[in-house]
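Hi everyone, thanks for coming along. Please have a look at the sequence and the model on the screen, and then we'll walk through them together.

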Amino acid sequence: MENIYKIPSETKIGHVHLKVSDLQRSLVFYCDLLGFEITTAYGDQAAFISAGGYHHHIGLNTWYSKGMPNANVHSVGLFHTAILYPTRKDLAEIYQRLLTQNYPLTGASDHGVSEALYLDDPDGNGVELYWDKPTTMWPQKPDGTLEMYTKALDLNQLLNEL
């Protein structure tokens, strides 16, 4: 089947909305640790949070999930939410914050096009914190397509940004 429709190139993913078990616990993670701000809340059932005053980048709710256990990692569903930082220094700053708070990482990778830190939120939802390298640095295959890969990210070198 030939694809005759192409989504506009300016299209962006606007927000992610997560089902959580404990709203307050999630707000501690996303707001107190990662630095998002609450834009609006609906009692103890839902909150919408953002960076920089946008209406919301992340929605959190307990409508169907209050008190429920984490989803099985080996089932279908969201793999992770990716949060794009504007610079490598910004990524280094959040990494330093995670270190200071003793918050565990599940991984740290150089993907050629980006560098990323991986962790889980309190409900076991995967979270990727990353920055994109300049497009001039993106590795390409001989045919011009991207040559993305996963290599260990040198975390000490990342901290040198500070």
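Let me begin with a question: of the 30 residues in the largest nonpolar core, which touch the most other members? They are Tyr30, Leu34, Ile58, Leu60, Leu117 and Leu129. By a nonpolar core I mean a set of buried Ala, Val, Leu, Ile, Met, Phe, Trp, Tyr and Cys residues joined through side-chain atoms within 4.5 Å. Two or more core residues come from each of β1 (16–19), α1, β3 (46–50), β4 (58–61), β5, α2, β7 and β8. The largest share, 6 residues, is given by α1.

A word on where this comes from. This is a predicted model, where local features need pLDDT of at least 70 and side-chain atom pairs count only at pLDDT 80 or more, while totals for chains, interfaces and linings use all residues. Residues are numbered from 1 along each chain as its sequence is written, and side-chain values use heavy atoms, with hydrogens and water left out.

Now the overall picture. The chain has 3 helices and 9 strands; these are DSSP runs, H or I of at least four residues for helices and E of at least two for strands, numbered from the N terminus. Starting at the N terminus, the order is β-α-β-β-β-β-α-β-β-β-β-α. Along the principal axes, the C-alpha atoms fill a box of roughly 55 × 50 × 35 Å. Of the 162 residues, 36% are buried, where buried means under 20% relative accessible area, exposed means over 50%, and partly exposed lies in between, using a 1.4 Å probe and protein chains only.

Which residues does Leu60 contact, leaving aside its neighbours within four places in sequence? Among them are His17, Leu18, Leu23, Tyr30, Ala47 and Ile49; contact here means heavy atoms within 4.5 Å.

Next, the strands. Strands of a sheet pair through backbone hydrogen bonds, either parallel or antiparallel. I call two strands paired if DSSP finds at least two bridges between them. β1 and β4 are parallel and share 4 bridges, and Lys19 has Asn61 of β4 as its bridge partner. β1 also has two faces: Val16 and Leu18 are on the covered one, His17 and Lys19 on the uncovered one. Strand β2 (residues 37–42) runs antiparallel to β3, with 5 bridges joining them, and Ala41 stands opposite Ala47 in β3. The hairpin of β2 and β3 has 3 residues between the strands, and Gly43 there takes a positive phi near 55°.

Then there is an open sheet of 5 strands, in the order β5-β8-β7-β6-β9, with mixed pairing. β5 and β9 (151–152) are at the edges with a single partner strand each, so one side of each has no neighbour in the sheet. The β5 and β8 pair is parallel, over 5 bridges, and Ile83 has Leu129 of β8 as its bridge partner.

Stay with this sheet and find Ala108, which is in strand β6. Is Ala108 buried or exposed? It counts as buried, at 17% relative accessibility. Its contacts, leaving aside neighbours within four places in sequence, include Ala116, Tyr118, Ala152 and Leu155. In the loop between β6 and β7 you'll find His111, which is buried too, with a relative accessible area of 12%. Beyond four places in sequence, His111 is in contact with Ala116, Tyr118, Met148, Tyr149 and Thr150.

Last stop, helix α2. Its 13 residues (88–100) should span 18 Å at 1.5 Å a residue, and the end C-alpha atoms are 18 Å apart, which agrees; the expected span is 1.5 Å times one less than the number of residues. The buried residues of α2 are Arg88, Leu91, Ala92, Ile94, Tyr95 and Leu98. They lie on the same side of α2, because they cover an arc of only 165° around the axis, taken from the directions from the helix axis to the C-beta atoms. Their cover includes α1 (23–33), β5 (81–85), β7 (114–120), β8 (126–132) and α3 (155–159).

Most residues other than glycine have a negative phi. The phi of Asn102, though, is positive, near 55°. At 70% relative accessibility, Asn102 counts as exposed.
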